[in-house]
Amino acid sequence: MSLKFPLIWLCFIATGLIYGQVEEVNPPDYIKSITFKSNSSDLGELPIIKLGEPFYLEFDALVSDEPDFYYKIEHYDYDWKESVLVKPEFLLGVDNFRIQDYTNSFNTFQMYSHYKLSLPNRQTKQLKVSGNYIISIYDTDNELVFSRKFMIYENLVTPGIAIKRSRDVSNIETTQTVDIEIVSGPQINNPLQTVKTLIIQNSNLNTTISNLKPQYTIGNKLIYRYIKETAFAGGNEYLFLETKDVRAATSRVQSIALENIYQSYLYTDVTRKNLPYTYNPDINGQFKIVAIDRDDVAVEADYVQVHFSLQYPELTNGESIYIYGNYNNYALSDYNKMTLNIESGLYETNFKLKQGFYNYKYVIVNKNGDLNEGAISGDFWQTENNYKVLVYYRDLGARYDRIIGFNQVSSTNISN
């Protein structure tokens with residue numbers, strides 16, 4: 001799947017510019033392992049949370065001086081333009097408070113402080129409405145450190161989702177199509193004008209399909225059965241690495257070494273684009289912090305310098321190779337960009353990851369800013385992917401976009 005980015009947007013890629021007007025700001029190198037968690041999930045994935053459900057944001061600061069951080073929350077419309085709601089309309093209480101729950105790492109080679117922001121809390125008592133949100137983390141100088149998007153939904157409708165092979169015979173071997181059916185109740189007025197949907201593949205907002213209108217209606221059902229408009233490149237199963245035991249090499253780790261911290265050298269990866277599809281269970285780009293013989297992985301899991309290598313022909317036309325997944329919010333930045341080692345003939349890079357289980361993939365960005373996710377991994381219609389569908393609703397005369405429904409499925413049973 002090739003996504004076209006104008007050249008002027010190249011400077012925004014590292015900060016996660018997606019389908020709307022506002023950008024997520026990805027963190028500096030000393031901030032790691034940003035994770036939203038809720039009662040329904042403890043994976044590192046896109047946070048989509050039911051209205052009224054508690055959740056929390058965790059991250060590590062890999063410094064020794066226990067810096068202070070503050071948080072702010074803003075509400076956004078469907079297209080990620082800031083909504084007209086003033087803060088008391090969507091938030092009960094106040095924000096812009098210091099994150100007080102933090103703990104220093106224990107018995108680790110890499111020193112860090114682990115921060116946990118629970119919502120709601122004594123200051124921020126409630127998020128009152130559904131919709132799109134951004135939480136921004138600031139330092140003591142009021143400088144923005146990073147920001148993350150999240151969605152709050154109401155359970156008024158449950159969209160039906162079916163994953164099909166492409167109806168376009170030109171890409172039937174590489175593409176999956178998402179069919180949607182929404183039963184609109186009496187609380188939804190003029191749904192052809194007031195309802196919008198959003199489809200997300202594997203929690204990656206970079207490949208989101210938005211601005212979808214129902215193709216047609218049958219009674220109170222809104223039907224989306226497009227040929228091209230809801231089609232995603234199938235991709236391939238994610239590669240994985242596991243570092244839950246820093247002293248032992250797992251199936252993906254070739255060797256380990258202890259320097260200032262543990263070094264984990266992975267086996268060299270190869271392109272899978274021209275290989276037959278092979279099913280390999282994955283967690284669809286997500287990650288999970290886990291370490292053996294540790295009671296509290298939040299502060300006892302160590303950081304490992306993970307070394308990646310890829311056998312791939314030399315790129316000579318300004319292209320770049322990146323490693324990404326939800327562990328870094330699918331960002332493309334200098335730290336996860338690979339460089340060609342002339343001596344070994346391999347593309348290589350290394351960076352720190354907290355002990356755990358990670359999915360990742362290699363992608364190519366050309367000199368014009370075109371992101372091609374399948375150039376190295378390949379695209380296959382059989383690939384098991386996760387699809388999330390959000391239903392947005394703005395009633396006639398309303399001032400903001402609600403999220404009135406959410407559902408997700410995996411493409412384990414794909415039909416024609």
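The lining of the largest pocket in this predicted model is made up, by class, of 19 nonpolar, 12 polar and 9 charged residues. This pocket has a volume of about 530 Å³, and 40 residues line it, with N26, R148, Y327, N328 and N329 lying nearest its centre. Several strands take part in this lining, and those that give two or more residues to it are β2, β12 (144-153), β16 (204-212), β24 (287-289) and β28 (346-354). Of these contributions, the one from β2 is the most, at 6 residues.

Strand β2 leads us on to a sheet. An open sheet of 4 strands, paired in the antiparallel sense, has the order β2-β4-β9-β8. Because β2 (31-38) and β8 (102-104) stand at the edges with a single partner strand each, one side of each has no neighbour in the sheet. From one strand to the next, the twist averages 15 degrees. Within this sheet, β4 (residues 55-61) and β9 (residues 113-119) run antiparallel and are joined by 7 bridges, and a reader who looks along this pair will find F59 opposite Y115 in β9. In a regular strand, side chains alternate between the two faces of the sheet.

A further strand to follow is β25. Of the 9 residues in β25 (residues 303-311), 8 are buried, and the strand is therefore largely enclosed by the rest of the structure. Which strands pair with β25 in the parallel sense? One of them is β22 (residues 262-266), which pairs with β25 over 4 bridges, and here Q263 has Q305 in β25 as its bridge partner. Another is β23 (residues 269-270), which pairs with β25 in the parallel sense over 2 bridges, and D269 stands opposite L310 in β25. With β28, by contrast, β25 runs antiparallel, and 8 bridges join the two; F308 stands opposite T349 in β28.

Rolling a probe the size of a water molecule over the atoms shows where empty space is left. The count comes to 4 cavities of 30 Å³ or more, and the largest cavity holds about 110 Å³ of space. Its lining consists of 15 residues, and Q201, N202, G235, K361 and E373 are those that lie nearest its centre. How many residues of each class line the largest cavity? The lining has 3 nonpolar, 9 polar and 3 charged residues.

Note on methods
Residues numbered from 1 in each chain as written. Predicted model: local features only at pLDDT ≥ 70, side-chain atom pairs only at ≥ 80, totals over all residues. Heavy atoms only, no water. 1 Å grid on protein atoms, 1.4 Å probe; cavity = no way out; pocket = protein on both sides within 12 Å on 5 of 7 lines; lining within 4 Å. Points joined across faces, edges and corners; volume = space filled by probe spheres on them. Nonpolar A, V, L, I, M, F, W, Y, C, P; charged D, E, K, R; others polar. Pairing = 2+ DSSP bridges. Axes fitted to C-alpha atoms, helices over the stretch in contact; angles between N-to-C directions. Buried < 20%, exposed > 50% of the residue type's maximum accessible area, 1.4 Å probe, protein only.
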